[in-house]
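Here is a short briefing on selected packing details. Please read it alongside the sequence and the structure.

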Amino acid sequence: MHAAPEAVVPADAATIDVGVAGSSARREYERRKARDEAKLREEWGRFGGIAVALSSEKQSTRAWATGAVGEELLGARLDKLASHSCAVLHDRRIPRTRANIDHIVVTTGGVWVIDAKRYKGRPDLKIEGGIIRPRVEKLTVGRRDCTKLVDGMLKQVGLVRDVVGDVPVTGVLCFVEADWPLIGGSFMTRGVHVLWPRRLVKVMAERVGGVDVAGVRDLVTERFLPA
């Protein structure tokens with residue numbers, strides 16, 4: 001049980017910087033792209049421009065652009081929900097780190113910490129052990145083991161929970177362009193929802209309560225500034 005959060009002076013909603021979805025990921029993409037191009041120009045000298053034009057982007061660089069698009073797509077969907085009973089925040093910096101939280105949504109039912117992912121393949125839950133061996137849950141997307149995403153989300157949930165006290169905090173991994181089945185498909189692992197944008201909106205709408213949306217929003221924005 002966490003102690004009740006300290007009171008803060010309510011902020012005027014019009015003055016709150018809600019952030020820009022995908023902004024830090026897109027800045028990192030542009031930084032890496034510029035670095036890669038500068039390196040090619042240095043290596044090829046007078047033919048540097050040609051080398052840049054003919055070279056493909058590094059996968060590690062392109063991944064940042066892909067991630068930015070995923071955050072932007074989900075951010076646009078969440079922005080449609082913004083109201084007095086639903087505060088939507090994007091791209092919040094985790095204090096004393098270079099990491100960020102993609103989206104934080106405060107509703108009357110609690111706080112939703114959301115990580116947007118633009119992965120190909122079908123998200124699935126693999127369960128190992130459970131009788132003789134300890135039960136282990138693994139998140140996979142296609143053939144890719146993505147369990148570390150759940151670990152990262154649980155850390156983000158813990159950080160937000162430390163700020164908002166007893167207000168319910170729920171972690172979400174939202175795959176915006178995955179190969180979801182026509183029926184079913186969403187699941188939970190270690191308390192974290194794994195789903196797609198439309199399903200996320202429905203799940204959030206189903207949980208109602210008496211959370212002071214404006215007050216909790218102010219707590220969150222005070223601690224987690226725009227990245």
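Trp180 is buried, because its relative accessible area of 14% falls under the 20% cut-off. The model is predicted.

**Aromatic rings**

- The structure holds 2 aromatic pairs. One of them joins Trp180 and Trp196: the ring centres are 4.8 Å apart and the planes stand at 50 degrees, so this pair is tilted.
- Trp180 sits in the loop between β7 (169-175) and β8 (187-189). Trp196 sits in the loop between β9 (192-195) and α5 (197-206). The pair therefore ties together parts that are 16 residues apart in sequence.
- Is Trp196 buried or partly exposed? Trp196 counts as partly exposed, because its relative accessibility is 21% and buried means under 20%.

**Helix α6**

- Helix α6 covers residues 213-223. Of its 11 residues, 8 are buried, so the helix is largely enclosed by the rest of the structure.
- Which residues of α6 are buried? They are Val213, Gly215, Val216, Arg217, Asp218, Leu219, Val220 and Thr221.

**Asp115 in strand β3**

- Strand β3 spans residues 110-117 and contains Asp115.
- Asp115 counts as buried, because its relative accessibility is 10%.
- What does Asp115 touch, not counting residues up to four places away in sequence? Its contacts are Asp102, Met153, Val172, Leu173 and Cys174.

**Val52 in helix α2**

- Val52 belongs to helix α2, residues 48-54.
- A relative accessibility of 16% is why Val52 counts as buried.
- Leaving aside neighbours within four places in sequence, Val52 is in contact with Glu37, Leu40 and Arg41.
- Leu40 is 12 residues from Val52 along the chain. The C-alpha atoms of Val52 and Leu40 are separated by 6.4 Å.

Technical notes
Residues numbered from 1 in each chain as written. Predicted model: local features only at pLDDT ≥ 70, side-chain atom pairs only at ≥ 80, totals over all residues. Heavy atoms only, no water. Helix = DSSP H or I, 4+ residues; strand = E, 2+ residues; numbered from the N terminus. Buried < 20%, exposed > 50% of the residue type's maximum accessible area, 1.4 Å probe, protein only. Contact = heavy atoms within 4.5 Å. Phe/Tyr/Trp six-rings, centres within 6.5 Å; stacked < 30°, edge-to-face > 60°.
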